[in-house]
Amino acid sequence: METMKGIIQRYQHKRISLVEAGVTRHRSIFNGLKALAEDQPNCRLSKPEVVIIHDAVRPFVEEDVLLKVVTAAQEHGEIAPYFIPLQHELLYNSDVYENSIAHVWQDSEQESFGHGIKASGAIRPLVSTVISPSADSCLDHSLERARYRASEMPQAFLFDVIYEAYQQCSDYDLEFGTECLHLALKYSHIKAKLVEGSPDLWKVTYKRDLYAAESIIKERISQKVCVVMDTKEDEEHVGHCLEEMLKTELNHVKVTSGQDLQQIILEQCYNFVCVNVMTSDFEETQRLLNMVEESNLSILYPVVVISVHFLDYESVPLGQKMEKVMQIREFAKEAKKRNILLSGLLIYFPQEEQKLRESLRQGTTIISALIKERNSGLIGQLLVA
């Protein structure tokens, strides 16, 4: 409990109540349901119409998935499970019930269903054949893959339905069961309509899954880049050329200008390219860093900030310019404490047009790599295009 309280405080989560876990999955869920029930003493929470049950080890559930299962639970009146290829519980897809759950345990085809089809959930076809071994580790039989699906989370239930099922279930169910649909089917006689699901709900189970999870997070938070510039849009400057190059070269990445920077931060953009045009120091970059810090945007995920400087060696002595730009190391040290990854990019200017475009293209490649890789080893480094 103390660990969870620390996480909630650290990441500033709101409207969260903690309930003591049980020794098994079902006992933990039952404890959570009892905390929401109005018939329990010292109940501080209000009973919901619909409750969602989900696994913490499936961190990539999207908001639209939650909306779908809740909507399905309300429309169909009972439960709305989510299904993707086999990883845990098997569900039998019976032709008799037209893609509804016929059973989740052996011999349950004999159960009676008094409520009909009043729920829906997502499914995906199995990608591997499921086999049953004998006691001597030989093949006993295999299942017909086309007739089975895998039960995953989240699952949504009308609260009264799932709470009633847990109140009636046996100690054996609470101790050894893993499937919520099992209890709803067995004790409330509820079937669920199956709907095609998404592959994104896989479980982070093994150590190698952590690397895959990190890769997914990096990809997701790298899909939007905000370009901040201390010039007006109608002014001609090489900085605008860099912005256009980013829009052209970064496929599948949304590049937006930072005219309404506060709104962009609220929309959770985690990547900023700050182009310092009018000044040779870090005024614009420092302003951006202050806004990101005040917004607490970097609490959950690291924010990448790339401070771009154009080296006009015709008007500013090289030594003077480099001395100011190298201050990025000190800025980066302070920014790192706030989970902001600050790097610098230096582009020589002016150049003849062909060479300038090549420099801008190289700069775009560097920016793309810094955003996608989010390599802490490059914090405070001044890269040259």
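This is a predicted model: local features need pLDDT of at least 70, side-chain atom pairs count only at pLDDT 80 or more; totals for chains, interfaces and linings use all residues.
**Exercise 1. Confidence across the model**

Find which element has the lowest mean pLDDT and which has the highest.

*Solution.* 
- Next, go element by element. Strand β4 (residues 100–103) has the lowest mean pLDDT, 38, while helix α5 (residues 171–176) has the highest, 93.

**Exercise 2. A closer look at N276**

Work out whether N276 is buried or exposed, and where in the chain's elements it sits.

*Solution.* 
- Locate the residue first: N276 belongs to strand β12, which covers residues 271–276.
- Then check its accessibility. Buried means under 20% relative accessible area. The relative accessibility of N276 is 2%, so N276 counts as buried.
- Finally, pick a partner from elsewhere in the sequence. G239 is 37 residues apart from N276 along the chain, and their C-alpha atoms are separated by 8.3 Å.

**Exercise 3. The largest cavity**

Determine what volume the largest cavity has and which element gives the most to its lining.

*Solution.* 
- Search the whole structure: there are 2 cavities of 30 Å³ or more.
- Take the largest cavity, with a volume of about 50 Å³.
- List its lining: V304, V305, I306, L341, S343, L370, R374, N375, L378 and I379.
- Assign these to elements. β13 (303–312) and β14 (340–349) are the elements that give two or more residues, and β13 gives the most, with 3 residues.
- Sort the lining by class: 7 residues are nonpolar, 2 polar and 1 charged.

**Exercise 4. The second largest cavity**

Now try the second largest cavity: find which residues line it and which helix supplies the largest share of the lining.

*Solution.* 
- Begin with the space inside, which is about 30 Å³.
- Read off the lining residues: S222, V225, L250, V253, S368, I371 and K372.
- Look for the main contributor. Helix α13 (residues 353–373) supplies the largest share, 3 residues.
- Close with the classes: the lining of this second largest cavity has 4 nonpolar, 2 polar and 1 charged residues.

Terms used:
Residues are numbered from 1 along each chain as its sequence is written. Side-chain values use heavy atoms; hydrogens and water are left out. Helices (H or I, at least four residues) and strands (E, at least two) are DSSP runs, numbered from the N terminus. Buried means under 20% relative accessible area, exposed over 50%, partly exposed in between (1.4 Å probe, protein chains only). pLDDT is the predictor's confidence in each residue, from 0 to 100. On a 1 Å grid over the protein atoms alone, a cavity is a set of points where a 1.4 Å probe fits but cannot get out, and a pocket is an open set with protein on both sides within 12 Å along at least five of seven lines; lining residues have an atom within 4 Å of a point. Grid points are joined across faces, edges and corners, and a volume is the space filled by probe spheres set on the points. Ala, Val, Leu, Ile, Met, Phe, Trp, Tyr, Cys and Pro count as nonpolar, Asp, Glu, Lys and Arg as charged, and the others, Gly among them, as polar.
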